[in-house]
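Let's take a friendly walk through the charged side chains of a protein. Have a look at the picture first, and then we will go through it step by step.

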Amino acid sequence: MQLNHYNTHFKKRQFPITLVCDHVTNTPNIGSLFRIADAFGVEKIILCGQNITLGRKMAKTSRATEKVVPYEILEDTSEVIERLKKDNYQIISIEITKDSKPIHQFKFSAEKPMAFVIGDENFGVSEAVLKASNDVIHIDMFGQNSSMNVVQATNIALYEATKQLV
């Protein structure tokens with residue numbers, strides 16, 4: 001028998017993880033980020049950039065999870081990163097760089113809260129934010145494309161982190 005919202009027995013849990021979205025503007029992507037943030041027990045989403053709108057398309061994709069996942073909309077990602085560092089967050093950017101570490105080799109720690117920085121759909125995490133990060137991790141890929149959708153990458157990162165923290 002297939003289970004549904006009413007008969008699953010998953011234990012609700014929140015992890016010390018905040019998603020920092022560096023100019024993620026596509027509303028269906030934002031809606032999907034709310035949905036997976038709820039599914040993985042993320043404590044908060046911070047949407048950074050100008051003209052970020054949450055509308056009907058976002059709400060349709062989020063399935064109302066924007067009502068249960070706390071969030072902020074702020075303009076400057078670098079200022080957000082500085083504030084989180086002062087609050088003792090470990091800043092982990094998800095981006096493919098020449099120095100990034102494969103996610104499957106990275107050890108996530110619950111000793112400090114984590115901020116996962118995810119980037120713009122076309123340009124990724126900004127260079128300034130990458131430099132300010134404590135760690136940069138990537139997901140190994142085996143096809144011709146050199147990147148994947150920001151939501152899919154976030155799904156993989158949250159799965160790996162929460163799996164290690166449970």
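To begin, we need one definition: a salt bridge is counted when a side-chain nitrogen of Lys or Arg lies within 4 Å of a carboxyl oxygen of Asp or Glu. Side chains of opposite charge can pair when their charged atoms come close. Keep in mind that what you see is a predicted model. By this rule, five salt bridges are found.

Let's start with K98 and D99. These two residues form a salt bridge, with 3.3 Å between the closest N and O atoms. How open to the surroundings are the two partners? K98 counts as exposed because its relative accessibility is 77%, and D99 counts as exposed too, at 60%. The cut-off behind that word is a relative accessible area over 50%.

Now turn to helix α5, which spans residues 150-165. Here E160 and K163 meet through their side chains in a salt bridge, at 3.3 Å from N to O. Both residues lie in this helix, three residues apart, which is about one turn. Is E160 buried or exposed? E160 is buried, as its relative accessible area is 14%, and buried means under 20%.

The next pair joins two separate elements. R83 makes a salt bridge with E72, and their closest N and O atoms are 3.2 Å apart. R83 belongs to helix α3 and E72 to strand β3, so this pair ties together parts that are eleven residues apart in sequence. Both partners fall in the middle class of accessibility: R83 is partly exposed at 33%, and E72 is partly exposed at 21%.

Which residues gather in a patch of negative charge on the surface? They are E75, D76, E79 and E82. To place one of them, find the loop between β3 (71-74) and α3 (77-86), where D76 sits.

How values were computed:
Residues are numbered from 1 along each chain as its sequence is written. This is a predicted model: local features need pLDDT of at least 70, side-chain atom pairs count only at pLDDT 80 or more; totals for chains, interfaces and linings use all residues. Side-chain values use heavy atoms; hydrogens and water are left out. Patches are made of residues with over 30% relative accessible area and no salt bridge: like charges are joined within 9 Å, nonpolar side chains (Val, Leu, Ile, Met, Phe, Trp, Tyr) within 5 Å. Accessible areas come from the Shrake-Rupley method with a 1.4 Å probe; for residues, only the protein chains shown count as cover. Lys and Arg count as positive and Asp and Glu as negative; His and the chain ends are not counted. The place of a charge is taken as NZ of Lys, CZ of Arg, CG of Asp or CD of Glu. Helices (H or I, at least four residues) and strands (E, at least two) are DSSP runs, numbered from the N terminus. Buried means under 20% relative accessible area, exposed over 50%, partly exposed in between (1.4 Å probe, protein chains only).
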